[in-house]
Structures are given as C-alpha cells and as structure tokens.
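Thanks for coming. I will walk through one structure today, starting with its core and ending with its sheet.

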Amino acid sequence: MLLQLDNLNVFYGESHILRNISLEVEPGQVVCLMGRNGVGKTTLLKTIMGLLRSKTGHVRFEGVDISQDSPDRRVRRGLAYVPQGREIFPHLTVRENLRLGYEASGRMQNHGSEGTALGEVFELFPRLTTLLNRPGGVLSGGEQQQLAIARGLLSKPKLLLLDEPTEGIQPSIVEQIERVIERFKSERRFAILLVEQYMEFAARLADTYVIMAKGAVVAAGKTAELSEEQVKQHLIV
Ligand SMILES: Nc1ncnc2c1ncn2[C@@H]1O[C@H](COP(=O)(O)OP(=O)(O)O)[C@@H](O)[C@H]1O
Ligand SMILES: [Mg+2]
C-alpha cells in the first residue's frame, strides 16, 4: 500500500474536525475525495502533508509511519501537495516558483537534470514557457493552477495531493488539466488523491471514490459503482 491512514482525529482548537478517518491509496491509483464544503477534505490533505497533526492514529507511506515527519521530509519521501486556491508565490517569477518545486525534493543533490525535468513539465503545460519571467501573481487563475501543478510534479512525487484543481477556472483550462491527469493515469507513474466536488470531473478520472460528511468517511468504492443516491445525498451534481 502506498498511503495508509489509520484512525485519524484532527482538531482545530476545541473543534473536532476529522473523525476516525481511515483510508488507503494504492500505487498508481486515482482516488477522488468528495463531499460538500466544510466536511474536512482540505484538513485531511493538510494532515497527510504534515501541516496539521492528528491526535490519534497513524499516517503510513510505503509502510513507514510518517506521522512525526515534517512537511518537507514528506516531500522528500514522495508526497506533493497542490493546495486549494493554488498558493503560488506571487512575487516570484514563474521560473523561480518552478525552481522551488524542483529543489524541495532534494533532486538538486540526488539525480536528474533540472533541464530535463522542466522540459517535461513544459510539454504538459506549454503555456508556462511563455510566462517564465513573469511574477506568479499576475497570471490568470488557470495559469496559476497550471504552475501549481507543474511545481508539484517537479518533485517527482509518488503521490500527488490535488485540492479542487478546477475551482473557479475556465472550462478550457479544466479540460487541459483533465488531459494531464488522464495522461498520468494511463502511465500509472504516480497515484493521485484528488479533492473534487464536481461529480463529472471526478467520475471520469478516478478509479475509486471516498465520500466524507461531517469529518467522517461515509462511503467508498469504485467510481463506476457510485450510486445516484449517494451523489444526491453528499455531492454537488
Ligand atoms: N484554520 C482553521 N481554524 C478553525 N477551523 C477551521 C480552520 N480551517 C478550517 N476550519 C473548519 O474545519 C472544517 C473543515 O474545513 P475544510 O477542511 O476546509 O473543509 P473542505 O475542504 O471539505 O471544504 C470547517 O468547518 C471549517 O470551518
Ligand atoms: Mg477545501
């Protein structure tokens, strides 16, 4: 198993946000985490990344308990996180933003050339090549999302955490992001835990789904078998 969450309980102060969360992601699998606003999806991704700590249970990655690891140690182990709202560095150029993704994984010391890694990212997101010297902050929402995903990919993750990549961006960019995810899915190079509220996008891309309500997992299964009943009850159609 690539990722194993075992009985996580997470609090913001006194507020009990995540309740007894357990779930698993296999290598190469695309899992969609769904549920309405405020159910705790972002909180769960932050906990996986080490930005928040769970009071109970364990986060295991490739069989190793990483619950005590710092976020950057988790990046070096092969986790990458593209936050909701695409938190790029607005005052750094596109090139500098990408460089941070590359350096985060420790690849500078280890292996691979930066040029090759960037070449691959530019092939996936050609638009970025024309924007390299612009500050991230002046890019459109869709361009920033492409930059945020590209930055995540530069660390060569084994698991990519993607938080609502289609939120508030225009349909043509959504399509492009979908094509990029499709491509990774067909190559099975890494697993993706995708947070997405919109059924159609999720159903097309994900192998399996996990639905959350009020901080707990309430349903899980193969996307192909997701029932209308569950969709009506828990999701935006
Ligand atoms: N920094 C915070 N401090 C206190 N409560 C928070 C904080 N961030 C989120 N919450 C609360 O935690 C709950 C889950 O939020 P979140 O994980 O962002 O949900 P989702 O991503 O599913 O929309 C919500 O009730 C939200 O108001
Ligand atoms: Mg969220």
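First, a term: a nonpolar core is a set of buried Ala, Val, Leu, Ile, Met, Phe, Trp, Tyr and Cys residues joined through C-beta atoms within 7 Å. Buried means that 20 or more other C-beta atoms lie within 10 Å of the residue's own, with C-beta atoms placed from the backbone.

The model is predicted: local features need pLDDT of at least 70, side-chain atom pairs count only at pLDDT 80 or more, and totals for chains, interfaces and linings use all residues. Residues are numbered from 1 along each chain as its sequence is written, and chains are lettered from A and ligands numbered from 1 in the order in which they are written.

Of the 237 residues of the chain, 40% count as buried. The largest nonpolar core has 62 residues, and those with the most contacts inside it include Val 31, Leu 33 and Leu 194.

Strands here are DSSP runs of E, at least two residues long, numbered from the N terminus. Two of them pair if DSSP finds at least two bridges between them. One open sheet has 6 strands in the order S6-S7-S8-S3-S9-S10, with mixed pairing. At its edges are S6 (79-82) and S10 (216-222), each pairing on one side only. Strands S3 (residues 30-34) and S8 (residues 191-195) run parallel, joined by 4 bridges. Within that pair, Val 30 has Ile 192 as its bridge partner.

How values were computed: Buried ≥ 20, exposed ≤ 12 C-beta atoms within 10 Å, placed from the backbone.
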